[in-house]
Structures are given as structure tokens and as C-alpha cells.
Amino acid sequence: MQPPATGNVWLGLGDDELPIDLATAWAVQPDCGAVVLFSGTARDHAPDRPGVQQLEYEAYEEQVVPRLHSVADEARTRWPAIGRIVLLHRVGVVPIGSSAVVVVVSSPHRPDAFAAARFCIDAIKASVPIWKHEVWNSGEAWGDDTHELVSPHEVRR
């Protein structure tokens with residue numbers, strides 16, 4: 001994934017390792033003194049599921065970027081001062097310790113950057129059609145943190 005040549009929003013879905021350093025560097029702007037990064041990494045456990053060995057994500061790919069765009073648009077409506085927004089998600093097998101989702105938001109000041117980044121990750125989990133499959137010591141199943149699809153407008157501030 002590469003940043004866009006123009007604009008202030010970088011959205012993406014792919015099966016390669018997410019470019020966390022590049023995303024963070026791209027979000028930096030001269031008028032923004034705050035850059036907040038959220039990286040959701042694959043962990044080795046889940047509730048009642050010790051020893052998670054593998055995570056795999058699937059997506060309704062045609063709908064992911066349009067929904068990410070809606071999340072970014074809503075964040076910009078709620079926090080108009082924010083500078084750049086990066087929303088990237090990985091599909092396929094994600095090794096333990098690797099990033100499955102990256103949200104980066106820049107803003108002139110930290111309160112807006114923190115609030116917008118928190119909103120974005122919550123809205124992604126609630127409204128973007130991406131599902132997680134876990135394999136652990138004694139079984140496998142779709143993760144219990146998948147969410148019913150809702151509009152990002154419905155995600156609380």
C-alpha cells in the first residue's frame with residue numbers, strides 16, 4: 001500500500017504487512033502538532049480462547065474502501081481541524097504480533113487527534129465488513145468481536 005499522490009485521506013485494504021511507519025510519516029503536516037497512531041495487533045489470546053495461534057481476516061472487499069471513506073468523512077465532520085487520516089486494514093492470515101488495522105490522525109492539537117482516532121477505530125469495527133477467524137489450541141471460530149454493520153454516523157462520539 002502506498003499513500004495517495006494528493007489529498008488528505010489514505011484508505012486501503014490488502015494482504016501485505018501494513019506500512020505503519022510510512023502511514024505515520026505521511027500524516028505529519030507542518031500545521032499539525034499532533035499525530036495519533038492506533039495499531040491493532042494480532043494477539044495470542046481472546047476471551048475464553050487461550051493459545052490463539054492464527055488470525056485470518058476476510059472482507060466484503062468492494063464495500064471496504066467506500067465504508068472507510070464514510071468513516072473518514074464523519075471524523076472530518078466531527079473534528080474539522082484534523083489534518084490527515086489513514087485507515088488501513090489487512091486481510092488474509094495476520095501473524096501474532098503483526099498489525100491487522102492501522103488508524104493515523106493528525107491535527108493541530110492532541111485532543112482532536114485522539115478523539116478522531118478513537119472514533120475511527122470504533123467506527124471501523126462497527127461499520128466496515130471485515131471479519132476475523134481465530135484458530136487456538138482447542139478449536140477455531142469467527143471472533144466474537146465482529147459487529148453488526150452500522151453507519152459510522154451511529155457510532156458514538
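Salt bridges and their surroundings

A: Asp122 and Arg118 both belong to helix 3 (residues 110-127), where they stand 4 residues apart, about one turn of the helix; helices (H or I, at least four residues) and strands (E, at least two) are DSSP runs numbered from the N terminus. This is a predicted model, in which local features need pLDDT of at least 70 and side-chain atom pairs count only at pLDDT 80 or more, while totals for chains, interfaces and linings use all residues. Residues are numbered from 1 along each chain as its sequence is written, and side-chain values use heavy atoms, with hydrogens and water left out.

The structure holds 3 salt bridges (a side-chain nitrogen of Lys or Arg within 4 Å of a carboxyl oxygen of Asp or Glu). One of them joins Asp122 to Arg118, with the closest N and O atoms 3.1 Å apart. Arg118 has a relative accessibility of 56% and so counts as exposed, whereas Asp122, with a relative accessible area of 31%, is partly exposed. In these terms, buried means under 20% relative accessible area, exposed over 50%, and partly exposed in between (1.4 Å probe, protein chains only).

Another salt bridge links Arg78 with Glu74, the closest N and O atoms being 2.8 Å apart. Arg78 and Glu74 are separated by about one helical turn because they are 4 residues apart in helix 2. Both Arg78 and Glu74 are buried. Helix 2 covers residues 61-78 and also holds Glu62. With a relative accessible area of 58%, Glu62 is exposed.

Lys132 and Glu134 also form a salt bridge, their closest N and O atoms lying 3.7 Å apart. The relative accessible area of Lys132 is 9%, so Lys132 is buried. Glu134 is likewise buried, since its relative accessible area is 3%.

Trp131 is partly exposed, with a relative accessible area of 32%. Together with Tyr60 and Trp142, Trp131 makes a nonpolar surface patch of about 330 Å². Patches take residues with over 30% relative accessible area and no salt bridge, joining like charges within 9 Å and nonpolar side chains (Val, Leu, Ile, Met, Phe, Trp, Tyr) within 5 Å; accessible areas come from the Shrake-Rupley method with a 1.4 Å probe, only the protein chains shown counting as cover for residues.

From Trp131 the view can pass to Leu22: the two are 109 residues apart in sequence, and their C-alpha atoms are 25 Å apart in space. Leu22 is found in helix 1. Its relative accessibility is 35%, so Leu22 counts as partly exposed. If residues up to four places away in sequence are not counted, Leu22 touches Met1, Gln2, Pro3 and Trp10 (contact means heavy atoms within 4.5 Å).

Helix 1, which spans residues 20-27, holds Ala25 as well. Ala25 is exposed, having a relative accessible area of 51%. Between Ala25 and Pro50 there are 25 residues in sequence and 35 Å in space, from C-alpha to C-alpha.

Arg78 and Glu74 are both buried, while the pair of Asp122 and Arg118 lies in helix 3, with Arg118 exposed and Asp122 partly exposed.
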